[in-house]
Amino acid sequence: MIKFALIKLLLMDDKIFQEKIDKDRKIEPKDWMPEKYRSHLIRQISQHAHSEIIGMQPEGQWISRAPSLRSKMILLAKVQDEAGHGLYLYSACETLGISRDQLISQLHSGAAKYSSIFNYPTLSWADMGAIGWLVDGAAIVNQVSLQRTSYGPYSRGMIKICKEESFHQRQGYEIMAELAKGTKEQKDMAQDALNRFWWPSIMMFGPHDADSPRSGNAMKWKIKRQTNDELRQSFIDKTVGQAEVIGLKIPDPDLKWNEKRGHYDFGEIDWEEFWNVVNGNGPCNKERLDHHINAHQEGEWVREAARAYANKQIKN
Ligand code: 3HC
């Protein structure tokens with residue numbers, strides 16, 4: 001009898017929860033939520049946070065090699081922003097009942113992922129332009145949509161992050177525009193960066209909707225407000241014209257405006273490459289994770305000092 005009453009109660013909770021979601025009410029940390037909603041959010045927000053932090057590496061490598069003081073200052077500011085974005089997202093994730101230590105150990109053990117895009121090498125200064133323009137451009141499309149996510153702390157973090165993301169995209173596009181109107185070598189450098197980063201950037205939106213195991217619940221619980229393919233299409237539609245304006249060619253022979261659809265048709269994504277990189281076999285996966293593990297271990301003394309200081313404050 002008690003078991004039946006418990007199941008009935010749980011079903012009621014699920015029903016009330018879904019009604020809140022359907023009415024676009026934000027779910028807050030202290031609200032009741034289905035365990036699957038909580039674990040889905042921990043997964044997505046933690047991977048988003050890991051992406052922000054790991055994403056500092058490919059750009060950080062070029063701070064000391066920036067071609068001018070102005071470009072060094074801009075890149076430095078951008079990389080620092082990404083660290084802040086990671087902290088917002090880790091803090092949002094912790095409101096779901098997981099600790100920072102658990103999140104970091106999931107990253108180090110490979111149990112948690114980060115965006116595949118950051119497993120590609122940055123070979124020239126033009127790559128700083130391609131990352132800002134394309135990677136942050138794709139992130140903006142995704143994150144503007146996530147501002148309306150159903151989980152309160154994630155949504156509020158996104159609103160703050162989106163404000164900074166548009167500066168990231170503009171500074172990247174400015175680098176590409178400068179190079180594209182420079183010498184032949186500079187224009188070739190920009191085109192080479194576009195050739196290498198275009199397809200990995202559109203892979204950031206994840207598998208096609210039909211092959212996306214998480215999208216069903218993500219859309220039902222309004223964690224996602226648009227699907228992977230909708231966001232990918234929106235990014236492509238926005239970006240093609242930007243490439244044309246600066247005289248660069250997107251490396252997709254099948255890219256063509258489709259009047260009937262009102263969107264660009266584009267070629268097939270290499271999903272074998274995508275899953276290869278997601279599953280740890282990309283060009284830089286090992287380098288990125290080793291670097292993070294080393295930095296984390298070397299930073300233990302800072303965490304110890306901060307803990308000692310905090311404990312002293314509590315005792316006083
Ligand atoms: N890289 C790595 N893993 C990816 C991926 C990618 N590009 N695309 C999908 N995946 C993973 C998913 O995490 C999921 O793995 P899991 O089941 O082990 O958790 C699996 O592939 C199946 O994909 P789904 O589409 O079913 O998963 P989601 O519904 O979670 O959609 C997503 C994937 C669109 C990336 C979604 O998780 C999302 O919107 N995440 C938040 C945004 C984000 O993480 N962006 C990453 C870049 S952040 C960034 O660019 C910072 C900027 O400042 C530069």
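## A proline in a loop

P251 is partly exposed, at a relative accessible area of 25%. Throughout this report, buried denotes a relative accessible area under 20%, exposed denotes over 50%, and partly exposed covers the values in between (1.4 Å probe, protein chains only). The residue belongs to the loop that lies between α10 (228-245) and β1 (256-258). Helices (H or I, at least four residues) and strands (E, at least two) are DSSP runs, numbered from the N terminus. From P251 to Q18 the C-alpha to C-alpha distance is 43 Å, and 233 residues separate the two in sequence.

## Basis of the model

The structure is a predicted model, in which local features need pLDDT of at least 70 and side-chain atom pairs count only at pLDDT 80 or more, while totals for chains, interfaces and linings use all residues. Residues are numbered from 1 along each chain as its sequence is written, and side-chain values use heavy atoms, with hydrogens and water left out.

## Aromatic pairs around F17

A total of 9 aromatic pairs is found in the structure. In the pair of F17 and W32, the ring centres are 6.2 Å apart and the planes stand at 80 degrees, so the arrangement is edge-to-face. Rings of Phe, Tyr and Trp (its six-membered ring) pair if their centres lie within 6.5 Å; planes under 30 degrees apart count as stacked, over 60 as edge-to-face and the rest as tilted. Because F17 is in helix α1 (residues 2-22) and W32 is in the loop between α1 and α2 (35-54), this pair ties together parts that are 15 residues apart in sequence. F17 is buried, with 3% relative accessibility, whereas W32 is partly exposed at 38%.

F17 also pairs with Y37: the ring centres are 4.9 Å apart and the planes are at 70 degrees, so this pair is edge-to-face. Here F17 in helix α1 meets Y37 in helix α2, so the contact ties together parts that are 20 residues apart in sequence. F17 and Y37 are both buried. One aromatic cluster is formed by F17, W32, Y37 and W221.

## A charge over a ring

The charged end of R65 is placed over the ring of W62, at 3.9 Å from the ring centre. The criterion is that NZ of Lys or CZ of Arg is within 6 Å of the ring centre and within 35 degrees of the ring normal.

## The ligand and its surroundings

Which residues come nearest to the ligand? Of the 33 residues around it, these are R43, Q47, K113, R214 and K224. A residue counts as near when one of its heavy atoms lies within 4 Å of the molecule or strand.

R43 places a polar side-chain atom 2.8 Å from an oxygen atom of the ligand. For S116, a backbone N or O atom is 2.8 Å from a ligand nitrogen atom. P213 has a polar backbone atom 3.3 Å from an oxygen atom of the ligand. Of the 1,000 Å² of accessible area that the ligand has on its own, the protein covers 92%. Accessible areas come from the Shrake-Rupley method with a 1.4 Å probe; for residues, only the protein chains shown count as cover.

## Cysteines

How many disulfides does the whole structure hold? The search finds 0, a disulfide being a pair of cysteine sulfur atoms within 2.5 Å. The sulfur of C93 has its closest cysteine sulfur in C162, 18 Å away, which is too far for a bond. C162 is likewise in no disulfide, with the sulfur of C93 as its nearest cysteine sulfur. C93 is buried at 0% relative accessibility, and C162 is buried at 9%.

## Further positions in the helices

N285 lies in helix α12 (residues 285-298) and is buried, with a relative accessible area of 9%. A polar atom of its side chain is 2.7 Å from the backbone nitrogen of G282. G132, in helix α6 (residues 126-146), is buried at 0%. The C-alpha atoms of G132 and H168 are 5.4 Å apart in space, although the residues are 36 apart in sequence.

L11, in helix α1, is exposed, with a relative accessible area of 56%. L11 and M189 are 178 residues apart in sequence, and their C-alpha to C-alpha distance is 58 Å.

Note on methods: A polar contact is a pair of N or O atoms within 3.5 Å; within protein, one must be able to donate a hydrogen and the other to accept it, and residues adjacent in sequence count only if both atoms are side-chain atoms.
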